[in-house]
Amino acid sequence: MLGLTEKLKKLLKTKGLGYLIRYLVVGVINTIVGFGLIFLLTYLKVNPYIANIVGYVVGIVVSYLLNSFFTFKKKANFFMFVISMGVAWLANIIMLKVALELSVNVYIAQILAGIVYVIVGFGLSKIVVFKV
């Protein structure tokens, strides 16, 4: 019977499921880094849009490195990655703007915008950037 460690290693080697699991792990790390920075800046009364930009720029660099070496185990064109994440970020900003205009709490609005970013970012990373 396989132990937990062996089962996890086997799941990570499964092509489709492995990408998803690794992407989610990278996503957790990016969420901690990006939202940690966004929330810190928001707490410090930085404009919500500026806080969002700073958090996502740092997140994009961390994401590229982790996705290249861990998730997809394949280097990709950084410029293409940045363009793709820019598209994901624009979707994020649209959601943030809509949520803030609807008077959603700024922290909840950032989380909703982040969800949009993750969905668009994964699709573009998998299909366009890393082409797996």
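**View 1. Phe 35 is buried, at 14% relative accessibility.** Here buried means under 20% relative accessible area, exposed over 50% and partly exposed in between, using a 1.4 Å probe and protein chains only. Keep in mind that this is a predicted model: local features need pLDDT of at least 70, side-chain atom pairs count only at pLDDT 80 or more, and totals for chains, interfaces and linings use all residues. Residues are numbered from 1 along each chain as its sequence is written, and side-chain values use heavy atoms, leaving out hydrogens and water. Phe 39 comes out as partly exposed, at 26% relative accessibility. Both sit in helix H2 and are 4 residues apart, which means about one helical turn between them. Helices are DSSP runs (H or I, at least four residues), numbered from the N terminus.

View 2. The structure has 9 aromatic pairs. One of them is Phe 35 with Phe 39: the ring centres are 5.5 Å apart and the planes make 40 degrees, so this pair goes down as tilted. For the bookkeeping, rings of Phe, Tyr and Trp (its six-membered ring) pair if their centres lie within 6.5 Å, with planes under 30 degrees apart called stacked, over 60 edge-to-face and the rest tilted. Elsewhere, Tyr 19, Tyr 64, Phe 72, Phe 78, Phe 81 and Phe 130 come together in one aromatic cluster.

**View 3. The largest nonpolar core has 17 residues.** Phe 81, Tyr 117 and Phe 130 are the ones touching the most other members. Helices H2 (15-43), H3 (48-71), H4 (78-101) and H5 (106-129) each give two or more residues to this core, and H2 supplies the largest share, 5 residues. Apart from this core lies another one of 5 residues, including Ile 93, Leu 96, Ala 109 and Ala 113. A core is a set of buried Ala, Val, Leu, Ile, Met, Phe, Trp, Tyr and Cys residues joined through side-chain atoms within 4.5 Å. In soluble globular proteins, nonpolar side chains tend to be buried together.

**View 4. The neighbours of Phe 81, with Ser 63 among them.** Skipping residues up to four places away in sequence, Phe 81 touches Ile 60, Ser 63, Tyr 64, Asn 67, Ser 125, Val 129 and Phe 130; contact means heavy atoms within 4.5 Å. Ser 63 belongs to helix H3 and is buried, with a relative accessible area of 5%. With its neighbours within four places set aside, Ser 63 is in contact with Asn 30, Ser 68 and Phe 81.

**View 5. H3 packing on H4, at about 145 degrees.** The axes of H3 and H4 are 10 Å apart, and the crossing is right-handed. Axes are lines fitted to C-alpha atoms, for helices over the stretch in contact, and angles run from 0 to 180 degrees between N-to-C directions. A crossing is left-handed if the near helix is turned anticlockwise from the far one by less than a right angle, and right-handed if clockwise. On the H3 side, Tyr 49, Asn 52, Ile 53 and Tyr 56 are among the residues taking part, while H4 brings, among others, Met 85, Trp 89, Asn 92 and Lys 97. Sorted by class, this contact has 13 nonpolar, 4 polar and 1 charged residues. Ala, Val, Leu, Ile, Met, Phe, Trp, Tyr, Cys and Pro count as nonpolar, Asp, Glu, Lys and Arg as charged, and the others, Gly among them, as polar.

**View 6. H3 against H5, and Gln 110 in their contact.** These two helices pack at an angle of about 35 degrees, with axes 12 Å apart, and H3 passes H5 in a right-handed crossing. H3 puts in Pro 48, Asn 52, Tyr 56 and Ile 60, and H5 answers with Val 106, Gln 110, Ala 113, Gly 114 and Tyr 117. That makes 6 nonpolar, 3 polar and no charged residues. Gln 110 counts as buried, at 0% relative accessibility. Leaving out neighbours within four places in sequence, Gln 110 is in contact with Phe 35, Ile 38, Phe 39, Pro 48, Asn 52 and Leu 96.
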